[in-house]
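Open the model in your viewer and keep the selection tool at hand. This tour goes from one stop to the next and says what to select at each.

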Amino acid sequence: MKKLKAAVQYECMTSFKFIWIFYAIQYAVVLLITLIVGISMGTFENLGTDVLEMNTLIYIGILGALGFKEDFKMLIQNGFTRRQIFTATLSMFCFISGIMAFVDTVVGNVIHHFNSGYSSLYSGIYGYDNIFMNWLWLFLLYVTLCNLLYLLMLIINKVGKTASIYLGVAAGGMVLLIIAVFKYVLSAEAVASMISFFMKSMGFMPDGTINCMFPVLTLAALAAIFGTGSYAIIRHTELK
Amino acid sequence: MNAIQIKNVTKRYKNVAALHDVSFSFESGKIYGFLGRNGAGKSTLINIIANRIFADSGEILIDDLPAKENIKVHEKIFCMSEADLYDAGLKVKDLFKWINRFYDSFDLDKAFEIAGKFNLDTNKKFKALSKGYQSIFKLTVALSLMVPYVIFDEPVLGLDANHRELFYDLLLKDFQHNERTIIIATHLIEEVANIIEEVVLIDQGKVLLQDHVSTLMEMGYSIYGPAKEVDAYCADKNIIGYDELGNLKIAYVLGEKTPLPKNSNLSASAMNLQKLFVKLTEKGGI
């Protein structure tokens, strides 16, 4: 357990400092753009930005993609098992996602408080009613994205570059196939029921109300599926 | 049993057999030379022992514990690898601190002391170090870990002669104070010939021999003289190689030395470990 704790600490602490660099750059850029546009327009009214969480999603995506190679090498060199490496990486994803979701939730709500024109990602979909659900939803969204990209990187590492390209092409083909199936094969009734199911999973009930637990459960299920897939692959991953 | 036991290990890469049913043991408290040509299978076996890659079949036991995906062997073995597997963005001193957290048996003070002897700048990031100093960092870590089994894979890669001497000196001093199993995989056979007690020679994925250095030195000798006389003398012997120069011939023989014929023009001399290695791996077997 002590070893695992050390691995988790390594993963979290070596990623932690980059969060603040990311936020410093993000807010500096927003401030700079606001100043440039404001000065050139001669007014700061109606100036601003929305959905800053999109930047975090890009950062989190990079973190998920890079979560594999360097850390896997470092930890396998130091005698850790794949199970521990996976646990440590997942812990890091949760740690970083938790902090960034917290910052984004607080910043989104504070900016909205002073500037009602600003809309955060969560509030744009579900409103400003519940700050805790806002954090939880963002946290799970970030973890899901991390797990998805971690899984993709593990697959690419496992099958190699050429096979990955073929898989990418096949995935693109599948998307086109699914669109065609929805458009030409499935009945309008079947499509409508699928859309209804999808909307429910995102919390939009048929009676027009919003159930905030459903999207949370959906994201948790997706994170678990991607995490399980990652574990299944990393168990057989060899150092290259 | 206190040993690294390699049992029927086979590993294939597509159509190439990197290791073919390899079985032998590294016993406790000895310094081994793990020798073999490029592509012989040394690094593959080391990586399997260190749980970095998996064997297709067979198993590795460390003190009777399976080495595959087993955290119980974490404090038993450390492998200093030729490849750079460390977080290149971290400073040397930070890497030391992390390794100190990873291993109970890591001696942080000793690591800084050894780094000082090598003039390794611990404030530099790993990626900013030269190839030689990256090797120094890696062997500093290995020397500072008090685990029962330490494997050095090409430990002196990129090191100058002074640093190589210092490394061998530190290794022997450490071994005198703390007897454990040290396995050195290297191409620089002559440099380690005086350090190692036992040799494991691997070629084309198979173990060619495993024996004490002294026994090998006694077993191997060369016969020099006119080609006809050399051939006659060697007729019933295990010849592992020849060198020819005009009518003169040198035969490299493995086995008990028999007296030279009277009035012959032959002369015999001992064979060094490097020559023995070269001739054995040229021949591809005993």
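Helices and strands here are DSSP runs, a helix having at least four residues and a strand at least two. Keep in mind throughout that this is a predicted model.

Stop 1: Select residues 20-39, 51-68, 89-111, 131-153, 165-188 and 208-234 of chain A, which UniProt, in an unreviewed entry, lists under "transmembrane region". Now keep residues 51-68 of chain A: 78% of this span is helix and 0% is strand. Its end C-alpha atoms are 28 Å apart. Switch to residues 131-153 of chain A, where the figures are 100% helix and 0% strand, with 33 Å between the end C-alpha atoms.

**Stop 2: helix H6 of chain A.** A residue counts as buried if 20 or more other C-beta atoms lie within 10 Å of its own. That holds for 21 of the 29 residues of H6(A), so the helix is largely enclosed by the rest of the structure. Step past the end of H6(A) to Gly160(A), which has a positive phi, near 95°.

**Stop 3: the largest nonpolar core.** Select Tyr142(A) and Ile49(B). Among the 130 residues of the largest nonpolar core, these two touch the most other members. H6(A) supplies the largest share of this core, 18 residues. Domain 1 (3-204) and domain 2 (216-283) of chain B both contribute to the core, so it lies between them. Centre on Ile49(B): leaving out residues up to four places away in sequence, it touches Ile4(B), Ile60(B), Ala67(B), Cys79(B) and Ile151(B).

**Stop 4: where the chains meet.** Show both chains. Here 17 residues of chain B contact 18 residues of chain A. On the chain B side, helix H2 (residues 92-102) gives the largest share, 4 residues. That side is made up of 9 nonpolar, 4 polar and 4 charged residues.

**Stop 5: the two domains of chain B.** Colour domain 1 (3-204) and domain 2 (216-283) of chain B separately. Their centres, taken over C-alpha atoms, are separated by 35 Å. The contact between them takes 8 residues from domain 1 and 7 residues from domain 2. On the domain 1 side, helix H6 (189-192) and strand S9 (198-203) of chain B each give two or more residues. S9(B) gives the most, with 3 residues. By class, the domain 1 side has 5 nonpolar, no polar and 3 charged residues.

Notes
Residues numbered from 1 in each chain as written. Chains lettered and ligands numbered in written order. Predicted model: local features only at pLDDT ≥ 70, side-chain atom pairs only at ≥ 80, totals over all residues. UniProt positions renumbered as here; feature names shortened; annotations may be inferred. Contact = placed C-beta atoms within 7 Å. Nonpolar A, V, L, I, M, F, W, Y, C, P; charged D, E, K, R; others polar. Buried ≥ 20, exposed ≤ 12 C-beta atoms within 10 Å, placed from the backbone. Core = buried A, V, L, I, M, F, W, Y, C linked by C-beta atoms within 7 Å. Domains from an automatic or database assignment.
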